[in-house]
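Here's a quick briefing on a few local features worth a look. Have the sequence and structure open as you read.

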Amino acid sequence: MDMTPPSPPPGHQQPGPPLWLLAELTYRCPLHCAFCYNPVDFAHTGAELGTEDWLRVLGEARAAGSVQCGFSGGEPLLRDDLEILVAEAHRLGYYTNLLTSGVGLTEARARALRAAGLDHVQLSFQDASREVNDFLSHTRSFDLKRRVAALIKAQGWPMVMNCVIHRLNIDHIDRIIELAIEVEAEYLELANSQYYAWALHNRDHLLPSRAQLERAERTVADYRARLGERMRLFFVVPDYYEGRPKKCMNGWGNVFLTVTPDGTALPCHTARMLPGLAFPNVREQAVADIWYRSEGFNRYRGDGWMREPCRRCPDKEKDLGGCRCQAWQLAGDPAAADPACARSPDHHRVLAAVERANHPQPAAVAPLLFRDPARSRRLGRADPRYPPPTGLKPPAP
Ligand code: SF4
Ligand code: SF4
């Protein structure tokens with residue numbers, strides 16, 4: 001097979017290879033997280049790729065230079081060919097991760113995945129208490145997750161425990177860290193929710209106050225000092241409070257290649273929302289061609305697409321103008337500076353959300369929306385940029 005990357009289009013630098021392949025095997029999920037990062041309109045997505053397609057994609061991405069493969073979703077364990085895909089990824093020489101809610105990981109499947117060569121597991125919790133975990137995921141899943149954590153350790157996998165942090169659980173951060181110690185996680189990822197997709201709809205429920213954030217940072221620092229090398233703690237601060245955006249996905253089309261359940265290839269898992277960009281599909285185009293040649297992957301590479309204030313900004317190498325999806329959702333222009341940046345003319349939109357988080361008026365907040373397919377079918381037709389009209393109630397417990 002010819003491994004030489006094609007020449008870049010005029011005006012573009014040759015990017016490196018797609019080191020990280022994120023295989024979103026399915027959008028189906030038994031949980032209903034209020035901050036779910038899957039697209040709000042996931043229920044409108046076409047048929048899932050079959051096993052043969054995924055096997056081909058794994059081979060093509062590896063030939064294009066991918067070295068790490070994350071099997072994600074939705075819940076990837078809902079695919080009964082997961083073991084086949086993991087075995088092929090292992091045979092091809094990938095370092096493999098499973099990103100799971102834990103639902104569906106029985107002892108038999110854990111053994112089969114171990115035999116297939118799975119290297120690493122990331123298990124998500126929604127909180128350290130059964131009540132809040134089960135409320136936020138809208139399922140009775142806490143006890144099951146505890147059992148799954150034990151199964152993961154029994155197989156000898158290194159385990160990342162992941163907990164999305166927001167207003168409704170940030171005050172329990174000490175208990176979440178204690179839970180991670182108890183289940184013997186090697187890493188704990190406390191990632192503050194990013195406000196896309198379902199989390200954007202629920203932002204007024206989820207964005208923490210500054211006082212909550214500062215308390216949480218102090219708690220994390222105390223635990224870090226106490227735990228040393230025993231467990232690594234990642235705490236990702238929400239960019240709404242930083243005044244500078246993050247270098248989204250480490251740069252557009254720079255490291256990450258996401259393949260969605262229907263085969264659409266994206267530079268990040270939410271990029272499909274962006275207007276005026278047709279993203280290629282792995283059913284129709286080879287991975288190397290998609291990565292190096294497609295308009296979808298080239299549009300926001302580098303800094304040639306930037307407008308002011310980013311174009312002449314001394315910090316543009318640091319963050320590459322931030323997140324294109326956040327620019328579209330909050331400023332209505334995917335080529336604008338990320339409004340999380342204090343230099344953006346749209347920063348006032350972020351400040352308004354922060355102001356509401358610090359001085360909440362609960363009566364004015366729409367009910368919390370839990371992710372589910374019926375709601376996705378309805379919301380998918382609405383303007384994806386802004387929170388929906390009020391009046392949608394969460395499903396009954
Ligand atoms: S965030 Fe929750 S609902 Fe969304 S895919 Fe993950 S476990 Fe499922
Ligand atoms: S103006 Fe643009 S490049 Fe400069 S810090 Fe803000 S987002 Fe980054």
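How does the shell around ligand 1 divide by class? It has five nonpolar, seven polar and two charged residues, where Ala, Val, Leu, Ile, Met, Phe, Trp, Tyr, Cys and Pro count as nonpolar, Asp, Glu, Lys and Arg as charged, and the others, Gly among them, as polar. Heads-up: this is a predicted model, so local features need pLDDT of at least 70, side-chain atom pairs count only at pLDDT 80 or more, and totals for chains, interfaces and linings use all residues. Residues are numbered from 1 along each chain as its sequence is written, while chains are lettered from A and ligands numbered from 1 in the order in which they are written.

**Ligand shells**
- Around ligand 1 sit 14 residues, with Cys-29, Leu-31, Cys-33, Cys-36 and Ser-101 coming nearest; a residue is near if its C-beta atom, placed from the backbone, lies within 6 Å of the molecule.
- Ligand 2 also has 14 residues around it, and Cys-310, Cys-313, Lys-316, Cys-341 and Arg-343 come nearest.
- The ligand 2 shell splits into six nonpolar, two polar and six charged residues.

- Gly-73 and Gly-74 are joined by a cis peptide bond, omega about 15°.
- Another cis bond runs from Glu-308 to Pro-309, with omega near 5°.
- His-138 isn't a glycine, yet its phi is positive, about 55°.
- His-138 is buried, with 21 other C-beta atoms within 10 Å (the cut-off is 20 or more for buried, 12 or fewer for exposed, partly exposed in between, with C-beta atoms placed from the backbone).
- Asn-250 also has a positive phi, near 60°, but is partly exposed, with 13 other C-beta atoms within 10 Å.
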